[in-house]
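Dear colleague,

I am passing on to you the structure below, together with notes on what I found in it.

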Amino acid sequence: MAKRDIQIKTSDGLAKAGLFRSAAPAKAAIILYMDAFGPRPALDQMAERLAGDNYAVLVPDLFYRNAPYGPFEAKTAFSDEKRKAVITGLLSGTTQDMTIRDSGAFLDALDAEGVAGPVGAVGYCMGGARALNAAAAYPDRIVAAASFHGGNLASDAADSPHRKAASIKARVYVGTAGVDRSFPPEQSARLAEALRTAEVDHVIENYAGMAHGWCAPDHSAFDATGAERHWKRLTTLFAETLG
């Protein structure tokens, strides 16, 4: 797979992004919404795997407004109070509304790269809610959206994705850690009810025994068996919706 570093003009500046694609023309595009540790080799590895199925995969830096920052090591970042404080600040300073606006620029960038048409979205950790909110904001472009160990998908916050379920036309898949304080059972039930009421084609699946972060290969919670299960679900979702 070939990676090309690009810059995407947004309403707030320039966002760096990695664009991954094979030599053959891409059959569709996927936006990969990062976790709290930012773009790094582990996310590149995940994007390359998706690109291997002949998709163009965009991995934007959602924290670009605060660049430069990091780099962070997923296994140790939260064990150091200074690094933890920096990450917490980046998270609180990058709102859902910011990422929703940015997603329009991400879609325009894919168009400029010659990859128009239906788009898939997948997010991890903080990116999970952003993938679902992007699907609600751009229902005519995003036809599939997945969240893995995403937090606060049905919280009391005004920007919680479950509140926008009626705007989602995409097929939705949510993979949750077995026990995850950021997405407790009551939120799972609330999200399920919102998606059912809105008649969204969806699956919410509990990965029993998995901890938050199990999909990312550089995370302390990484689980190879659980990660492969996630890949099977994700590639099936995109194969059935993007071709």
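Arg49 is in contact (contact means heavy atoms within 4.5 Å) with Glu228 and Trp231, when its neighbours within four places in sequence are left aside. The residue lies in helix H1, where helices (H or I, at least four residues) and strands (E, at least two) are DSSP runs numbered from the N terminus. Arg49 counts as partly exposed because its relative accessibility is 40%; here buried means under 20% relative accessible area, exposed over 50%, and partly exposed in between, with a 1.4 Å probe and protein chains only. Between the C-alpha atoms of Arg49 and Arg190 there is a separation of 32 Å, the two residues being 141 residues apart along the chain.

Before going on, please keep in mind that this is a predicted model, in which local features need pLDDT of at least 70 and side-chain atom pairs count only at pLDDT 80 or more, whereas totals for chains, interfaces and linings use all residues. Residues are numbered from 1 along each chain as its sequence is written, and side-chain values use heavy atoms, with hydrogens and water left out.

Helix H1 (residues 41-51) also holds Asp44, which counts as buried because its relative accessibility is 18%. Not counting residues up to four places away in sequence, Asp44 touches Lys3 and Phe20. The buried residues of H1 are Ala42, Leu43, Asp44, Met46, Ala47, Leu50 and Ala51, and what covers them includes strands E1, E2 (13-21), E3, E4 and E5 as well as helix H6.

Those strands belong to an open sheet of 8 strands, in the order E1-E2-E4-E3-E5-E6-E7-E8, with mixed pairing; two strands pair if DSSP finds at least two bridges between them. Strand E1 (2-10) and strand E8 (202-207) stand at the edges with a single partner strand each, so one side of each is left without a neighbour in the sheet. From one strand to the next the twist averages 20°, angles here running from 0 to 180 degrees between N-to-C directions, with axes that are lines fitted to C-alpha atoms, for helices over the stretch in contact.

Within this sheet, strand E3 (residues 28-33) and strand E5 (residues 119-124) pair in the parallel sense over 5 bridges, and the bridge partner of Ile31 in E5 is Ala121. Helix H4 (residues 126-137) packs on the sheet, touching E3, E5, strand E6 (142-148) and strand E7 (171-177), and its direction makes about 155° with that of E5. Helix H6 (residues 224-242) packs on the sheet as well, touching E3, strand E4 (55-60), E5, E6, E7 and E8, and the direction of H6 makes about 170° with that of E6.

E3 is also joined to E4 by 4 bridges, and these two strands run parallel, with Ala29 opposite Ala56 in E4. E3 is mostly covered, 6 of its 6 residues being buried: Ala28, Ile30 and Leu32 point one way, Ala29, Ile31 and Tyr33 point the other way, and all are buried. In a regular strand the side chains alternate between the two faces of the sheet. E5 and E6 run parallel and are joined by 6 bridges, among which Val122 stands opposite Ala146 in E6. E6 is mostly covered too, with 6 of its 7 residues buried.

The largest pocket holds about 750 Å³ of space. Of the 30 residues that line it, Cys125, Gly151, Asn152, Ser182 and His212 are the closest to its centre. Helix H2 (81-92) and H4 are the elements that give two or more residues to the lining, and H2 gives the most, with 4 residues. As for how this was found, on a 1 Å grid over the protein atoms alone, a pocket is an open set of points where a 1.4 Å probe fits, with protein on both sides within 12 Å along at least five of seven lines, and lining residues have an atom within 4 Å of a point. Grid points are joined across faces, edges and corners, and a volume is the space filled by probe spheres set on the points.

Finally, the structure holds 0 disulfides, a disulfide being a pair of cysteine sulfur atoms within 2.5 Å. The sulfur of Cys125 has its closest cysteine sulfur in Cys215, at 11 Å, which is too far for a bond. Cys125 counts as buried at 16% relative accessibility, and Cys215 is buried with a relative accessible area of 1%.

With best regards
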